[in-house]
Amino acid sequence: MAIPSDMKALLLTGDGYTRTPSGSALEAMEPYLKLGSIGVPTPGPSQVLIKVSLASINPSDVMFIKGQYGQPRAKGQPAGFEGVGTVVASGHEPYAKSLIGKRIAFTTGVTNWGAWADYAVAEAAGCIPLLDTVRDEDGAAMIVNPLTALAMFDIVKETGEKAFIMTAGASQLCKLIAGLAKEAGFRPIVTVRRDEQIPLLKEIGAAHVLNEKAPDFKAALRDVVKAEQPRIFLDAVTGPLASAIFDAMPKRSRWIIYGRLDPDTTVIREPGQMIFQHKHIEGFWLVEWMRQFRDKRSPAIMEAQKRFSDGRWSTDVTAVLPLDEAMAKAPAELAKPNGKVFIRP
């Protein structure tokens, strides 16, 4: 296919990191992005050029465009970490060339050529050739959430404890983990912000669903922790909620932080628990996991594709927005609960 010289993209207006963090909600796109035109990038030796079919909007994307993520912005470059599309050109390295013509899931984190554009550049080694049975909606959300779900549930399994806790229980990631847990006989304890989310989460595998806004939340939390004795805490929120959960957990508990949806201060209520109860606080970043556990990457990728293909997993879709309409419509769609928002160039 003929590759144009220019393309449309949602371009970053900020550089580096922000000095004024503003939380995880996206009130508007305009302070952080603009719809514009930019030259179609040329892939490097180990890279591929992708005609983007669909790109996802993840919480990490929102934190990134606001300058609050773990890597700096590059002003004037397209945003968007993850998507699905067809490889139309490549660098000269053999594996990159072998992907030409294939439909792939991809991430763009190290290239500064994001997925919210007509074309994107990605490292070939990080691309996933997709089975024909995987929908574009699942392919565009194939890497960040599914691989994180498999990796973090692997941590849970290694402890030998059946019960564990998750915040942001209604997120796509937690739903995937809850499904894994149900199959394996584990007992997730999840927190939500709305009562209407409770039945669905119990149906897909949660043993307990606690509304963090309920007046009896802390008492209910103490009762559940006492009964289930969970020692793994997978946390996307931090702030006062996470502090209260970690404080209530038993000896030898591990608080694993992979996001910061709450910008409020996170207080360690009793630091002595780290000394006398052997509690630990650590972080999880998928990029680092993929570097550290290369032997687990390929099996996890195939497992994710099989689950999407046979229907055990499915990406809940809130909206698919044309690229031209994303600036105006994305914030309102992202504010809706329970599903993913995608951008279609």
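1. Start with who lines the largest cavity: seven nonpolar residues, seven polar ones and no charged ones. Keep in mind while you look around that this is a predicted model.

2. That lining is made up of 14 residues, and the ones nearest the centre of the largest cavity are Phe64, Pro78, Phe81, Thr108 and Asn112. The space inside the largest cavity comes to about 80 Å³.

3. How many cavities of 30 Å³ or more are there? The count is two. If you're wondering how anyone finds such gaps, rolling a probe the size of a water molecule over the atoms shows where empty space is left.

4. Now for the second largest cavity, which holds about 40 Å³ of space. Its lining has four nonpolar, two polar and three charged residues.

5. Which helix gives the most to the lining of the second largest cavity? That's helix 8, residues 239–248, with three residues.

6. While you're on helix 8, have a look at Ala248, which sits in this helix. Is Ala248 buried, exposed or partly exposed? Its relative accessible area is 27%, so Ala248 counts as partly exposed, since that label covers the range between under 20% (buried) and over 50% (exposed).

7. Leaving aside residues up to four places away in sequence, Ala248 touches Leu221 and Val225. Gln229 is 19 residues from Ala248 in sequence, and their C-alpha atoms are 9.9 Å apart in space.

Notes:
Residues numbered from 1 in each chain as written. Predicted model: local features only at pLDDT ≥ 70, side-chain atom pairs only at ≥ 80, totals over all residues. Heavy atoms only, no water. 1 Å grid on protein atoms, 1.4 Å probe; cavity = no way out; pocket = protein on both sides within 12 Å on 5 of 7 lines; lining within 4 Å. Points joined across faces, edges and corners; volume = space filled by probe spheres on them. Nonpolar A, V, L, I, M, F, W, Y, C, P; charged D, E, K, R; others polar. Helix = DSSP H or I, 4+ residues; strand = E, 2+ residues; numbered from the N terminus. Buried < 20%, exposed > 50% of the residue type's maximum accessible area, 1.4 Å probe, protein only. Contact = heavy atoms within 4.5 Å.
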